[in-house]
Every structure is written in structure tokens, then in C-alpha cells.
Amino acid sequence: MTKEFFLSINIVSRSAWGAKPWNGTPDTVPLSERTEYFVHYDGGDPVSRTGSSVPQAIERTHRAQGWSGIGYNFAIDQNGVIYEGRGWTLQGAHCPDHNRSGIGVQIAIGGDQAPSEAALRSARALYNEACRRTGRSLAKKGHKDGFATECPGPRLYSWVKAGMPVSGTGIDNGDTPFPGRGAFVLGKTHPAVTALGKRLVAHGFGRFYKEGPGPRFTEADRSATAAFQRAQGWSGSDTDGYPGPTTWSRLMAPAGR
Ligand SMILES: [Zn+2]
């Protein structure tokens, strides 16, 4: 993951958005307990608020429910601004049984309102930062993966299920897991072959493709992969053009670092 990408994260602190003092301080959770990243929305009604009124409105609602304050770890408005709620260290109140393991993030939209690209980018950047801090690949989840609810609504849920892609960052396939060597057999199709080809193109090896990339593993894929492997400084059988786990993880990393 690129440095630039992490630098794009700017979190508005609780004091900066005017949070009320905790009404009973929530428990702390060590980063070692965090294994999941939960995406939420605001509910059935579209949201037109942006700015500090976003976390303030959530805080009002959650305090009225008797909670100590805003229940999400973070909230994100449609301008892509991230607001601190429970932050990295405090237990959330956003999804029963997942409030310690899960980092809960609300994107401030409702109904079938479309999330802005800026909001999605920030949510993904925050996810990457959470993975960096915890040292693991957090499971990407929508609220409904942990609880019977409509949240986070159809649009955000399908975005989460697609792997939380964002355009223009080079991390569209950020952490697609290695599918196994059996996915790459000359002449055979596998969905991971398309992902492979797209990442090879992103890393500058598109010249091997006269068409595609597509789901069939062809000589173009093999040649492009071999060139990518040589570009890692490898030699011999490490440059056979068939991706293994190391090739895969290097491909999934952002290009151009
Ligand atoms: Zn929710």
C-alpha cells in the first residue's frame, strides 16, 4: 500500500467536531482483538447533512438511546471527511457481538442514496489504515453480516461484497486472496485470471495483451506474469510465468511504489 494513500487519511477529532464528553467512558479494546471492519449507513432516509452535523446528529440519536455517545468508531460524510467516534481504541456500539472485534464505520447516506466516490475512497483508505494498524487483513463486512438488519443498504452492501473497490488508487483488487496455483492453467478459465490480468496492466505489463485481460489463462497472461516476475529481480523457475502466492501478493500491492 502506498504512503500517499495512507496520507490521504485525515480524521476530524472529537474535540474538533464538538463531541460531548462520554456519558460513561466505553471500554478500551486492544488492536489485537480487531478482526473485522463493519460498514453501516444512516437508515432508511436519505441524508443531506455534511460536516460536523453528521457526527453530531448520530451522537444525539445514540445518546438518546442511553449510549455513552456516538456508537461507531468513525463516521464519514459525502465529502469524504472522516469523523472520530469511538476511534481506534474504544469499544463500539454498532453491532451486537461484534463491538470489540469489529471497527464500525458509518457512511452518512440512507435509503437507496448513492454513496459518493469521495466517501467510498475514505472508507477504503480507513480500512487500509485499520489493516496496517492491526497487522492483519480485516474481514470486510456490512452490518447485516452480523445482525438481522437492512443496514448498510443495497448499494453499500454490494460495494462491500465486491471487496470495497475504489477507482484511481491502484488498489481496486487490493487484497483478493491467492486463489491457488490450480487457477492458472493454460487455456483454462478462472475468475482470478481476470484479476491477475488487471493487476498486470496496473503494474505496467499491459503490452503483452492484444486483447483482454479476460478469464482464460493465455500465453499473454503467462508472458506478462513472467516479465513481472523478472522485474522483481527473480530468475530461473521463479520467472516461469505462473503466479504463486508471492507473485500474487506483489501484484495485489499498489503499482508504482
Ligand atoms: Zn448498521
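**A walk along the chain**

So, reading along the sequence, the pattern goes α-β-α-β-α-β-β-β-α-β-α-α-α-α. That comes to eight helices and six strands. For the record, those are DSSP runs, H or I of at least four residues for helices and E of at least two for strands, numbered from the N terminus.

Two housekeeping points. This is a predicted model, where local features need pLDDT of at least 70 and side-chain atom pairs count only at pLDDT 80 or more, while totals for chains, interfaces and linings use all residues. Residue numbers start from 1 along each chain as its sequence is written.

Now the overall picture. The C-alpha atoms fill a box of roughly 65 × 35 × 30 Å, taken along the principal axes. Of the 257 residues, 39% count as buried. Here is how I use that word: a residue is buried if 20 or more other C-beta atoms lie within 10 Å of its own, exposed if 12 or fewer, and partly exposed in between, with C-beta atoms placed from the backbone. As for contacts, two residues touch if their C-beta atoms, again placed from the backbone, lie within 7 Å. Taking contacts between residues at least 6 apart in sequence, 68% join residues at least 24 apart.

Let's zoom in on helix α4, residues 117-134. It has 18 residues and reaches 26 Å from its first C-alpha to its last, close to the 26 Å expected at 1.5 Å a residue. That expected span is 1.5 Å times one less than the number of residues. Which residues of α4 are buried? They are A119, L120, S122, A123, R124, A125, Y127, N128 and A130. After α4 comes G135, with a positive phi near 75°.

Next up, α6, residues 191-202. This helix has twelve residues and spans 17 Å from first C-alpha to last, close to the 16 Å expected at 1.5 Å a residue. Its buried residues are A192, V193, A195, L196, G197, R199 and L200. What covers them includes α7 and α8, the latter at 245-252. Just after α6, G204 takes a positive phi of about 95°.

And that brings me to the packing. Two packed helices are described by the angle between their axes and the distance between the axes. The axes of α6 and α7 (residues 219-231) come within 10 Å and cross at roughly 50°. Axes here are lines fitted to C-alpha atoms, for helices over the stretch in contact, and angles run from 0 to 180 degrees between N-to-C directions. The α6 and α7 crossing is left-handed, meaning the near helix is turned anticlockwise from the far one by less than a right angle; clockwise would be right-handed.

Who makes the contact? On α6, V193, L196, G197 and L200; on α7, D221, A224, T225 and F228. They divide into five nonpolar, two polar and one charged. In that scheme Ala, Val, Leu, Ile, Met, Phe, Trp, Tyr, Cys and Pro are nonpolar, Asp, Glu, Lys and Arg are charged, and the others, Gly among them, are polar.

Where does P152 sit? In the loop between β6 and α5, and a cis peptide bond joins C151 to P152, with omega about 10°. D145 is found in the loop between β6 (139-142) and α5 (153-161). It counts as partly exposed because it has 19 C-beta neighbours inside 10 Å.

Further on, in the loop between α6 and α7, there's P213. The bond from G212 to P213 is cis, omega near 5°. K210 is found in the loop between α6 and α7, and K210 counts as exposed, with 7 C-beta neighbours inside 10 Å.

D97 has a phi of about 70° and sits in the loop between β4 (82-84) and β5 (102-107). M164 has a phi near 55° and belongs to the loop between α5 and α6. Buried or exposed, these two? D97 is exposed, with 9 C-beta neighbours inside 10 Å, whereas M164 is buried, with 20 other C-beta atoms within 10 Å.
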